[in-house]
Amino acid sequence: SLRIKDKEKNSSLAKKFGFEYFDGVRAQGYGGYWYDGRWLKVADRLIERYNLTSQSKFLDVGCAKGFLLKDLRSKVKGISVRGLDCSEYAKSKACPSVQPSIDIGCCSSLPYLDNSFDAAVAINTVHNLDEKLCRQAIKELTRVVKNKRNIFIQVDAYNSPEERAIFEVWALTAKTYLTPHEWEVMFDDLGFCGD
């Protein structure tokens, strides 16, 4: 594939989290990241899992163009949503209704007060940091959410040396990738009790 052929160049461009990563060619990221309704089902699951209501405050760390924020607002009138992303480009291309709710920053140093949110997610985000900052990002997510069980973090993992080799050829942005057991040990070590 083209991603593998020019892996170093593609990875370098992807790690800028700009046009190339979101809307450039597939070899450098999404290959075009546009609203298609894929987050509606995720929004439904989050609403149910974390009992989100019009009184809730929700945080999406690594929110990209804010599609999940948009869908949560469409499902729960009055919910307060915030997004954080490192990409000025993604924010500039966000839905106008949520663009003001997106902050630019890094998940290892969240610009929010302790216990500010009722629930938070970080989907395919914290693993883009080295292990030290990845740990700090998990601590930060725990710090800003009231009920520490209302946090969902998704990370990259592999189960065998063969899977790791495939992952290392394919992945563009992940800096920390471990086996599921190694992730569990890290989460346990940090006292993480979310999903």
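**Entry 1: aromatic pairs**

I counted the aromatic pairs and got 15 for the structure. For the count, rings of Phe, Tyr and Trp (its six-membered ring) pair if their centres lie within 6.5 Å; planes under 30 degrees apart count as stacked, over 60 as edge-to-face, and the rest as tilted. I looked up tyrosine 30 and tyrosine 33, which make a stacked pair with 4.4 Å from centre to centre and 25° between the planes. Are these two tyrosines buried or exposed? Tyrosine 33 has 5% relative accessibility and counts as buried, whereas tyrosine 30, at 34%, counts as partly exposed. Here buried means under 20% relative accessible area, exposed over 50%, and partly exposed in between, with a 1.4 Å probe and protein chains only.

I then looked up tyrosine 158 and tyrosine 177. Their ring centres are 6.5 Å apart and their planes stand at 70°, so this pair is edge-to-face. The pair links distant parts of the chain, 19 residues apart: tyrosine 158 is in the loop between β5 (151–154) and α8 (161–170), and tyrosine 177 is in the loop between α8 and α9 (180–189). Helices (H or I, at least four residues) and strands (E, at least two) are DSSP runs numbered from the N terminus. Tyrosine 158 has a relative accessible area of 9%, so I noted it as buried.

**Entry 2: source notes**

I noted that this is a predicted model, in which local features need pLDDT of at least 70 and side-chain atom pairs count only at pLDDT 80 or more, while totals for chains, interfaces and linings use all residues. Residues are numbered from 1 along each chain as its sequence is written, and side-chain values use heavy atoms, with hydrogens and water left out.

**Entry 3: cluster and charge**

I found one aromatic cluster formed by Phe17, Phe19, Tyr21, Phe22, Tyr30, Tyr33, Tyr35, Phe67 and Tyr89. Lysine 70 lies over the face of tyrosine 35, at 4.6 Å from the ring centre. The rule is that NZ of Lys or CZ of Arg is within 6 Å of the ring centre and within 35 degrees of the ring normal.

**Entry 4: cores**

A nonpolar core is a set of buried Ala, Val, Leu, Ile, Met, Phe, Trp, Tyr and Cys residues joined through side-chain atoms within 4.5 Å. Which residues of the largest core touch the most other members? Of its 31 residues, they are Phe22, Leu46, Leu52, Phe58, Leu68, Leu69 and Leu72. The elements giving two or more residues to this core are α3 (19–23), α4 (40–49), α5 (67–75), α6 (88–92) and β4 (119–123). With 4 residues, α5 gives the most.

I listed the contacts of leucine 52, leaving aside neighbours within four places in sequence: Leu46, Ile47, Phe58, Leu72, Val76, Ile79 and Ala119. Contact means heavy atoms within 4.5 Å. A second, separate core has 26 residues, including Leu59, Leu84, Ile138 and Val145.

**Entry 5: two single residues**

Histidine 127 is in the loop between β4 and α7 (131–144). Its relative accessible area is 3%, so histidine 127 is buried.

Threonine 142 is in helix α7 and is buried, with a relative accessible area of 17%. Beyond four places in sequence, threonine 142 touches Lys148, Ile151 and Phe192.
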